[in-house]
Amino acid sequence: MEVVSVPISSCSKEDQKIYQNWFNFVDSDGDGRITGNDATKLFSLSNLSRPELKQVWAIADSKRQGYLGFNEFVTAMQLISLAQEGSELSSDLLRSKANMEFLSPPSMEGLDALLSKTNGSMKNMNGTNGTIQLQPQPPINLFSRKSRKKIQPSLTAVTSVTDGLKRLYNEKLKPLELTYRFNDFASPALTESDFDAKPMVMLLGQYSTGKTTFIKHLLKCNYPGAHIGPEPTTDRFIVVTSGPDERSIPGNTIAVHADLPFTDLTKFGGAFLSKFECSQLPHSLLDHISFVDTPGVLSGEKQRTQRSYDFTGVISWFAAKCDMILLLFDPHKLDISDEFKRVISSLRGHEDKIRVVLNKADQVDTQQLMRVYGALMWSLGKVLNTPEVVRVYIGSFNDKPVNEEAVGPTGKDLFEKEQDDLLDDLIDIPKKACDRRINEFVKRTRAAKIHSYIISHLKKEMPALMGKSKTQQKLIQNLDTVFEKVQKEFRLPAGDFPSVDHFREVLSHYSINDFEKLKPKMIQAVDDMLSHDIPELLKNFRNPYDIAERLGLEGASVVISSRKQKNVDEAVQKLRDRGIEVSGVVCHVSNAQQRKNLVDKTIQKYGKLDVIVSNAAVNPTVDAILEIKESVLDKLWDINVKAAILFLQDAAPYLQKGSSVVIISSIAAYQPATAMGMYGVTKTALLGLTKALAAEMAPNTRVNCVAPGFVPTHFADFITGNANLRRELEAKTLLNRLGTTQDMAAATAYLASDDAAYITGETLVVAGGMQSRL
């Protein structure tokens, strides 16, 4: 079966010129990337629906980078052309279409006029005979006596998730790692090439289990330096990657190449580098994935031969860098030798990357294969200490036809399905690479944070003057007890702690007295990165059509209301810019005539009501309940509770069968804060109102409630805007962060949708795990 990589669009040279012109026009900052905001403006000219354009972006940005390069942009344009012709959009559409070079560019309404206007304005720029005169720039004083503070642009200035992670690492995580020597104990410092590297797949197994043949099977050709035979032919680590021509690059050369993520391999010495090389060749699959072919794991008498370098250490290094690890077995080599056990043990912490391949399975008949599979699972169960069953692919991954005489037609069909599943898994790697990078970054951050707690605790235990040597020896010997103390003191998960033995071995080479004390500001910066910066980064680079206005983007026509015309106009324009069908009406919910007007105008425009979201609320006081004036009590009750009832009285006659009401309460309904006591009481009343209305309006209308946690909005700014209060609130959640408007929109959209068709009278608490019991 032919391996198809992530779609790379092909088109005629004439169309490429057109697309390049469009791309340059949309790429406002000239960085070769089109982000979501720029794309939505251009894509809207196609007159496709929002769901279709959302699908276009999702397919074109298959790697989930948050931007489109030129190739991805061409893919998007071709998808738009096919959608305009009536084709149903899917990830397989471009691969199933023949003669793509004859596909015309899409119709983009008004784009030609915009291009002409832009070109015309450029000709009028201070030019003579069509040439542009650049204005002279003021000289820069490189030797000013005054210090210049380096201004770091915000995360909104970066143009991809990867760039954002680079900045967060250099500004917040790397200082913590360097201060507490995390790179010496766990993982080397990350470089630019680590973030930019293509996904990697590492193949492990005993000699002659088909590792090199497997790569050849995927590429449909040999790679430079490949040797295949029954004896241990591959005696070195070979990284197979893309390049302009076919060649092999020695390990010492690769290790000093700054653009490749292998510079840290120099720590394994010249003996290893002499057994390491990079094999380059031009190949479409290698444009997206690199493979790491490894020496066969030794077994039997061969294990007595010592390798000249730290084999398991190298495996562990590559395991941290790889996106997938394939353990290859064949039916005649199921034993797991001592070296293989050490190799598998070195993969600790990367179990989610491991896949097992039972290769050459057509060498045994069906009955034997069943027994071989059972024996393999038994062997793996002794060395893979995970409660989950590892995924095993069964097949014969080479260019020869399946031995149907041995396995029969049923076995042949099974092998083909297994091969397809494995190939799909491999093809998905580039699509998941960005998610994997984020996952590894967060995992590294937690490990570095725990490491800093351990190091600072050890430092704290050291005496000021006498007995430092004895204290250090005692701490090293009782390191497992130190880990337990740190875990209990900071309430950390035990599974995130490093290996005690490895930590003890490295620690023995250092003087604990030279370590740093705990620096709370550094820890807080890392906590802020996890709770705020990374979620904000992901929000900026998600699919631009997958936004907070969930109901509108899921097909609903939206009517919004607010007390002030200015607020209504701004909100309506914002939603229309997103392509949502929306109208707005001024309405103060305590005004009976304005409530009636809101309902009447909605019915006049749309003829019915399907969903009502009741979200009006005030909190005009921070006084204790027993000190609140009667007029303020009346206002709280009128707006927060009474208005919701009166509005539903006006709207109920127009609610359709199967309609839904979502009332917005608050976590304060369960735990009223001191400054929000009466506000909390009114929100508690909404919980009871939900139950009562659900019974009263059934079976035609469902009534549910959302109780949001604390969300940094203008309404809650007096609390969330205070850094100390914000940290206290974050600490009360299990997820160590405040909520977002997207979190609340998703919960509301769910309760309003048919997915919640059998849910009524319930309150969904969306508060990150804060206590929510009355």
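The secondary structure of the predicted model comprises 28 helices and 18 strands. The protein has 774 residues, and 46% of them count as buried. Among contacts with a separation of 6 or more, 76% join residues 24 or more positions apart.

One helix pair was examined in detail. Two packed helices are described by the angle between their axes and the distance between the axes. Helix α16 spans residues 404-461, and helix α18 spans residues 479-490. Their axes come within 10 Å and cross at roughly 110 degrees. This angle falls in the range of 65 to 115 degrees, so α16 is roughly perpendicular to α18. The crossing of the two helices is right-handed. On the α16 side, the contact is made by Y453, I454, H457, L458 and K460. Helix α18 contributes L479, V482, F483, K485, V486, E489 and F490. Eight of the residues in this contact are nonpolar, one is polar and three are charged.

Beyond its neighbours within four places in sequence, L265 is in contact with F272, L273, F276, W317 and F318.

Notes:
Residues numbered from 1 in each chain as written. Predicted model: local features only at pLDDT ≥ 70, side-chain atom pairs only at ≥ 80, totals over all residues. Heavy atoms only, no water. Axes fitted to C-alpha atoms, helices over the stretch in contact; angles between N-to-C directions. Helix = DSSP H or I, 4+ residues; strand = E, 2+ residues; numbered from the N terminus. Parallel < 35°, antiparallel > 145°, perpendicular 65-115°, else oblique. Left-handed = near helix turned anticlockwise from the far one by under 90°. Contact = heavy atoms within 4.5 Å. Nonpolar A, V, L, I, M, F, W, Y, C, P; charged D, E, K, R; others polar. Buried < 20%, exposed > 50% of the residue type's maximum accessible area, 1.4 Å probe, protein only.
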